[in-house]
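Welcome to my notebook. I am opening a structure that may be new to you, and I will jot down what I look up as I go.

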2 protein chains.
Amino acid sequence: MGTPDLISPRSPRVAAARRLVRRNFRTKERRFLAEGPQAVREAVACRSGDTGTGTETAESAAAAPALLELFATPEAAARHSRIVGEARDAGARVHLAAEATVADIAQTVSPQGLIGVCRFIDRPLDALLAARPRLVAVLAHVRDPGNAGTVLRCADAAGADAVILTDASVDLYNPKAVRASAGSLFHLPVAVGVPVGAAAEGLRTAGVRLLAADGTGEQDLDDELDGGTMSGPTGWIFGNEAWGLPAETRALADAAVRVPIHGRAESLNLATAAAVCLYASARAQRATH
Amino acid sequence: MGTPDLISPRSPRVAAARRLVRRNFRTKERRFLAEGPQAVREAVACRSGDTGTGTETAESAAAAPALLELFATPEAAARHSRIVGEARDAGARVHLAAEATVADIAQTVSPQGLIGVCRFIDRPLDALLAARPRLVAVLAHVRDPGNAGTVLRCADAAGADAVILTDASVDLYNPKAVRASAGSLFHLPVAVGVPVGAAAEGLRTAGVRLLAADGTGEQDLDDELDGGTMSGPTGWIFGNEAWGLPAETRALADAAVRVPIHGRAESLNLATAAAVCLYASARAQRATH
């Protein structure tokens with residue numbers, strides 16, 4: 001056997017992958033990085049979005065996995081042999097690489113020996129709406145990639161049918177957002193770069209009631225729940241990290257809702273407020289079925 | 001007038017404050033750092049805990065503010081003149097300091113020109129229990145200071161009466177925990193360093209039902225809510241960042257409860273799970289009053 005052949009750290013494939021930590025290269029290539037066994041496993045299983053070639057039918061596009069290429073240390077390839085095998089079977093190009101090469105691509109200390117290159121998996125807004133979603137999270141002004149990923153993970157956990165990132169929010173494919181989503185990015189249909197007005201109009205036309213989550217909202221979440229208005233299709237619009245929304249965004253919603261502050265805290269942070277709102281909807285929707 | 005006198009960066013007072021970024025010095029001095037106008041304002045208003053001298057009566061101890069000393073840049077002192085005035089009126093020693101001195105004490109880039117030295121404000125477990133709390137958060141194995149602070153902030157927002165950090169959790173007075181609590185550290189009675197068994201026994205004796213928050217818990221939060229068992233005094237035990245609890249900690253609780261995962265996410269993170277649990281209790285308790 002001997003030592004396995006490792007890809008050269010100076011290989012053009014390594015250079016092409018490493019470039020994807022930068023947004024302009026991601027946008028140009030329509031590719032992004034997924035780190036670690038959990039994300040890579042989900043990327044193999046994910047068949048969402050277009051394949052980027054523009055020539056396939058919906059059926060053949062649906063069959064292509066999100067993972068295109070995988071760099072794995074020999075140790076990680078042995079430890080996660082099932083994931084690596086599935087990646088290979090799904091048509092991904094697998095390279096064995098030194099630990100330093102994997103770390104260099106990820107630009108983090110410990111991607112656990114695995115890093116994948118994926119194609120963009122976002123869907124057009126119309127495709128999301130055509131599926132008649134009952135619970136949607138709209139990230140309208142979220143600037144911190146970690147927060148965006150965490151809200152995406154919460155939306156997935158709460159059973160949301162779709163997530164929309166507006167053009168004023170952070171890049172979904174930022175490595176920190178991908179990491180914070182803990183694989184959820186690959187679970188839910190996501191639309192990106194949507195103007196908030198178009199998102200609101202599309203959702204309303206699809207029969208979705210829009211609630212703006214805002215710490216200064218005139219409606220209290222408990223009152224909304226008591227009023228029985230939350231059992232139908234609902235879209236939550238989440239703002240920036242201080243979870244306020246500009247007046248013009250608030251005006252797009254049917255109501256501006258605040259999570260009640262029972263104690264003396266000034267506010268909640270974005271991710272915890274979003275978790276409370278999304279789980280309130282999940283419970284209200286299930287109580288009527 | 002001329003330039004205001006600034007404290008020397010080599011002053012023993014600056015050195016004493018800067019040492020408080022390290023836990024062993026905090027523990028020895030029973031003092032910690034609070035950064036920025038929000039935390040400093042709350043520290044002036046906070047009269048909780050003992051004064052550290054051990055000679056005062058409960059009444060005189062209750063009158064002493066948590067803030068002992070304040071370093072402020074001339075710009076911050078002018079911008080936050082009310083906070084600085086209140087600090088001085090409350091008996092805190094106020095020093096004008098160069099931006100670099102303030103940043104050096106905080107060891108962060110932007111403490112917004114204000115950093116305070118506070119006395120420890122935690123209370124004995126018995127004092128917390130004597131107040132007959134109805135909603136309590138127990139941080140049993142929380143290792144990340146940012147998570148501890150965020151859960152404390154959520155507990156405050158949800159109207160919890162007390163927070164208990166066990167001896168297996170991170171230091172409450174870690175600067176990252178103080179920062180993430182966004183002032184809530186000064187709002188709620190907190191006990192620290194409590195063995196989890198003693199916390200559980202004390203709470204149960206005080207008539208508090210104990211729920212272990214655990215992603216693999218046998219009870220579903222929705223079922224608990226539907227069962228009407230959550231309207232009484234409740235203590236939530238939160239575990240580590242993957243929000244699992246060791247079996248021996250779970251066994252201390254009346255039930256192990258999971259937040260339902262409706263979608264395909266593997267789990268929630270600790271802070272978002274805690275937010276959902278604490279707000280579920282807040283709503284269940286209020287619905288019966």
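In which order do the four strands of the open sheet in chain A lie? I read the order as β1-β4-β2-β3 in chain A, with mixed pairing. Before going on, I note that this is a predicted model, where local features need pLDDT of at least 70, side-chain atom pairs count only at pLDDT 80 or more, and totals for chains, interfaces and linings use all residues. Residues are numbered from 1 along each chain as its sequence is written, while chains are lettered from A and ligands numbered from 1 in the order in which they are written.

**Entry: the sheet**

I use DSSP runs for helices (H or I, at least four residues) and strands (E, at least two), numbered from the N terminus. Two strands pair if DSSP finds at least two bridges between them. At the edges I find β1 (31–35) and β3 (93–96) of chain A, each pairing on one side only. From one strand to the next, the twist averages 20°; axes here are lines fitted to C-alpha atoms, for helices over the stretch in contact, with angles from 0 to 180 degrees between N-to-C directions.

I then looked at β2 (residues 67–72) of chain A, which pairs with β3(A) in the parallel sense over four bridges. Opposite A:Phe71 I find A:His95 in β3(A).

Across β1, β2 and β4 (114–119) of chain A lies helix α3 (residues 36–45), running at about 30° to β4(A).

**Entry: where the chains meet**

How many residues does each chain bring to the contact? I note 28 from chain B and 28 from chain A, a contact being two residues whose C-beta atoms, placed from the backbone, lie within 7 Å. On the side of chain B that touches chain A, α14(B) gives the most, with seven residues.

I laid chain B on chain A: a turn of 180° and a shift of 0.0 Å along the axis give an RMSD of 0.0 Å. The two copies are thus related as by a two-fold rotation axis. The superposition is by least squares on the C-alpha atoms of residues with pLDDT of at least 70 in both.

**Entry: helix α9(B)**

Is α9(B) mostly covered or uncovered? I find it mostly covered, with twelve of its 13 residues buried (20 or more other C-beta atoms within 10 Å of a residue's own; exposed means 12 or fewer, partly exposed in between, with C-beta atoms placed from the backbone). Among the buried ones are B:Pro145, B:Leu152 and B:Cys154. Just after α9(B), B:Gly159 takes a positive phi of about 85°.
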